[in-house]
Amino acid sequence: MIIVKVILNIIKNCHEAAPPKHRVFIRTEDFKDGVLVKIGNSGSYLPQEVTSPRNHGLGLLICESILRNHGSKLYSVNSSAGVEFSFS
């Protein structure tokens, strides 16, 4: 259930950061013996100096900690669509 809260927090962050009338997306892919989750938005980008979710605020820092405790890591990148967060 805690992973659901992580996903909801990332969705909320992406929604709040997206410009009006832009979309939030959620994608999943097979990854090793599990699933790769990608959540992002269209139209907002991370500043170039941002290389870690730690620079995004307390909510994402907590998400990163929860994922690390579950053997994963939270990644954030600028994609062709906007900003994208991913974890497996």
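These are my notebook entries on one predicted model, starting with the ground rules.

**Ground rules**

I number residues from 1 along each chain as its sequence is written. The model is predicted, and I ask for pLDDT of at least 70 for local features and 80 or more for side-chain atom pairs, while totals for chains, interfaces and linings use all residues; side-chain values use heavy atoms, with hydrogens and water left out.

**Entry 1: the overall layout**

I looked up the elements first. The protein has two helices and four strands. Here helices (H or I, at least four residues) and strands (E, at least two) are DSSP runs, numbered from the N terminus. I read their order from the N terminus as α-β-β-α-β-β. Next I checked burial. Of the 88 residues, 35% count as buried. Buried means under 20% relative accessible area, exposed means over 50%, and partly exposed lies in between (1.4 Å probe, protein chains only).

**Entry 2: how the strands pair**

I count two strands as paired if DSSP finds at least two bridges between them. E1 and E2 run antiparallel and are joined by eight bridges. Within this pair, Ile26 has Ile39 of E2 as its bridge partner. E2 also joins E4, again antiparallel, through six bridges. There I found Ser42 opposite Gly82 in E4. Strand E3 (residues 75-78) pairs with E4 in the antiparallel sense over four bridges. Asn78 stands opposite Val83 of E4.

How many residues of strand E4 are buried? Six of its six residues (82-87) are buried, so I noted the strand as mostly covered. I kept one general point beside this. In a regular strand the side chains alternate between the two faces of the sheet.

**Entry 3: two lysines with positive phi**

I then went through the loops. Lys21 lies in the loop between H1 and strand E1 (24-31). Its phi is near 65 degrees, a positive value in a residue other than glycine. Lys21 is exposed, because its relative accessible area is 85%.

Lys32 sits in the loop between E1 and E2. The hairpin of these strands has two residues between them, and Lys32 takes a positive phi near 50 degrees there. Lys32 is not a glycine either. Is Lys32 buried or exposed? Lys32 is exposed, with a relative accessible area of 75%.

**Entry 4: a covered asparagine**

Asn41 lies in strand E2 (residues 34-42). Why does Asn41 count as buried? Its relative accessibility is 0%, so Asn41 falls in the buried class. I looked for what its side chain reaches. The Asn41 side chain comes to 2.8 Å from the backbone oxygen of Cys14. I take a polar contact as a pair of N or O atoms within 3.5 Å; within protein, one must be able to donate a hydrogen and the other to accept it, and residues adjacent in sequence count only if both atoms are side-chain atoms.

**Entry 5: the nonpolar core**

A nonpolar core is a set of buried Ala, Val, Leu, Ile, Met, Phe, Trp, Tyr and Cys residues joined through side-chain atoms within 4.5 Å. Which members of the largest core touch the most other members? Of its 13 residues, they are Val6, Ile10, Leu74, Phe85 and Phe87. H1, E2, H2 and E4 are the elements that give two or more residues to this core. H2 gives the largest share, four residues. In soluble globular proteins, nonpolar side chains tend to be buried together.

Leu74 counts as buried because its relative accessibility is 1%. Leu61, in helix H2, has its C-alpha atom 9.2 Å from that of Leu74, at 13 residues along the chain. Leu61 is partly exposed, at 34% relative accessibility.

Last, I checked the surface. Met1, Val4 and Leu8 make a nonpolar surface patch of about 350 Å². Patch residues have over 30% relative accessible area and no salt bridge; like charges are joined within 9 Å, nonpolar side chains (Val, Leu, Ile, Met, Phe, Trp, Tyr) within 5 Å. A salt bridge is a side-chain nitrogen of Lys or Arg within 4 Å of a carboxyl oxygen of Asp or Glu. Areas come from the Shrake-Rupley method with a 1.4 Å probe, and for residues only the protein chains shown count as cover. Leu8 is found in helix H1 (residues 2-17). Leu8 is exposed, with a relative accessible area of 52%.
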